[in-house]
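Open the model in your viewer and keep the selection tool at hand. The stops below say what to select next and what is there.

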Amino acid sequence: MSPSVTKKTVQEVFSGISGKYDALLNAVTLGKIEPWQRELLQMLSQEGNRLDVGTGTGEVLLKSQNRGLRVGIDLSLDMLKVAKNKCGACKFLVADAESMPFRAEVFSSLTLSLVFRHLIDRKSFLKEARRVLKEGGELALLDINRFSLTPLLVFMMRFPLRPLGRLLFGEDRWSFFIHSLENALKIQQVKEELQEEGFEVVVVQKRLFGLVYLLLARKG
Ligand SMILES: C[S@@+](CC[C@H](N)C(=O)[O-])C[C@H]1O[C@@H](n2cnc3c(N)ncnc32)[C@H](O)[C@@H]1O
């Protein structure tokens with residue numbers, strides 16, 4: 001964990017790109033984000049209330065066909081404004097994944113698309129996820145896998161590229177980029193963190209030559 005990354009920085013980074021976010025994500029994933037998010041949702045078997053954590057512009061909830069409530073939380077109000085324009089039937093609120101404003105056992109499923117590696121304290125999030133999920137509830141993750149060049153890229157960003165990064169993006173944002181890259185975990189580590197917090201990992205699938213993973217876990 002990089003100590004200089006704060007939630008304020010995370011919120012500022014995403015608020016700053018909220019208007020262009022969908023187009024950017026579509027471009028960097030070569031249009032694959034749509035089918036990956038649909039596949040993430042297809043992994044879920046629970047029908048009831050669904051919470052999309054770090055919902056951003058709300059694309060996962062928009063695609064979600066569950067019959068219960070569709071709720072999205074995010075740190076960035078600007079991202080949520082875009083989401084609300086797309087899905088009037090969904091409920092969106094500014095809230096922190098690591099300390100959620102919900103009663104225990106209210107959701108049947110939680111989804112996180114491209115969020116897990118941005119979290120500053122994953123352990124706190126997993127405790128919260130376990131708390132708000134019903135018994136047997138499902139947690140589905142879509143994220144970037146750690147690949148062989150990740151440590152080298154992190155080193156380059158931390159040292160030789162740092163002055164340039166600071167100049168172009170500012171110290172806080174550059175630290176956030178490093179944090180997000182460094183916290184792209186190996187699937188095995190993700191599994192271990194989930195198991196430590198009482199989740200049973202049920203399915204793992206890889207996409208794009210293993211660069212992206214989809215994972216389904218169940219509250220034990
Ligand atoms: C890369 S975007 C993903 C957005 C969306 N899920 C998607 O798939 O396009 C990451 C989102 O997670 C949000 N986020 C990061 N940390 C968070 C936290 N602790 N609590 C709530 N939202 C968070 C950011 O504000 C941002 O909107």
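Start with strand 6 (residues 199–207) and strand 7 (residues 212–219), which run antiparallel and are joined by eight bridges. Two strands count as paired if DSSP finds at least two bridges between them. Helices (H or I, at least four residues) and strands (E, at least two) are DSSP runs, numbered from the N terminus.

Before going on, note that this is a predicted model, in which local features need pLDDT of at least 70 and side-chain atom pairs count only at pLDDT 80 or more, while totals for chains, interfaces and linings use all residues. Residues are numbered from 1 along each chain as its sequence is written, and side-chain values use heavy atoms, with hydrogens and water left out.

**The hairpin**

Select Glu200 and look across to strand 7: the residue opposite is Arg218. In a regular strand the side chains alternate between the two faces of the sheet. Next, go to the turn: strand 6 and strand 7 form a hairpin with four residues between them. Select Leu208 in the loop between these two strands. Its phi is near 50°, a positive value in a residue other than glycine. Leu208 is partly exposed, with a relative accessible area of 36%. The cut-offs are under 20% relative accessible area for buried and over 50% for exposed, with partly exposed in between (1.4 Å probe, protein chains only).

**Another positive phi**

Select Leu30, in the loop between helix 2 and helix 3 (33–42). Leu30 is not a glycine, yet has a positive phi of about 55°. Is Leu30 buried or exposed? Leu30 is exposed, at a relative accessible area of 70%.

**The ligand**

How many residues surround the ligand? The shell holds 20 residues, and the closest are Tyr21, Gly54, Asp74, Ala97 and Ser113. A residue is near a molecule if one of its heavy atoms lies within 4 Å of it.

Pick out the polar contacts, which are pairs of N or O atoms within 3.5 Å; within protein, one must be able to donate a hydrogen and the other to accept it, and residues adjacent in sequence count only if both atoms are side-chain atoms. The side chain of Asp74 has an N or O atom 2.6 Å from an oxygen atom of the ligand. At Leu75, a backbone N or O atom lies 3.4 Å from a nitrogen atom of the ligand. The side chain of Ser113 has an N or O atom 2.6 Å from a ligand oxygen atom.

Taken alone, the ligand exposes 600 Å², and the protein buries 97% of that. These areas come from the Shrake-Rupley method with a 1.4 Å probe; for residues, only the protein chains shown count as cover. Helix 1 (7–17) and helix 2 (21–28) are the elements that give two or more residues to the shell.

**The disulfide**

Select Cys87 and Cys90, which form a disulfide with their sulfur atoms 2.0 Å apart. The cut-off for a disulfide is a pair of cysteine sulfur atoms within 2.5 Å. A search of the whole structure finds one disulfide. The torsion about the S-S bond of Cys87 and Cys90 is about 65°, so the disulfide is right-handed. Both Cys87 and Cys90 are buried.

**Last selections**

Go to Glu59 in helix 4 (residues 59–63). Glu59 counts as buried, at 17% relative accessibility. The side chains of Glu59 and Lys86 are joined by a polar contact of 2.7 Å.

Finish with Trp174 in helix 9 (residues 171–182), which counts as buried at 10% relative accessibility.
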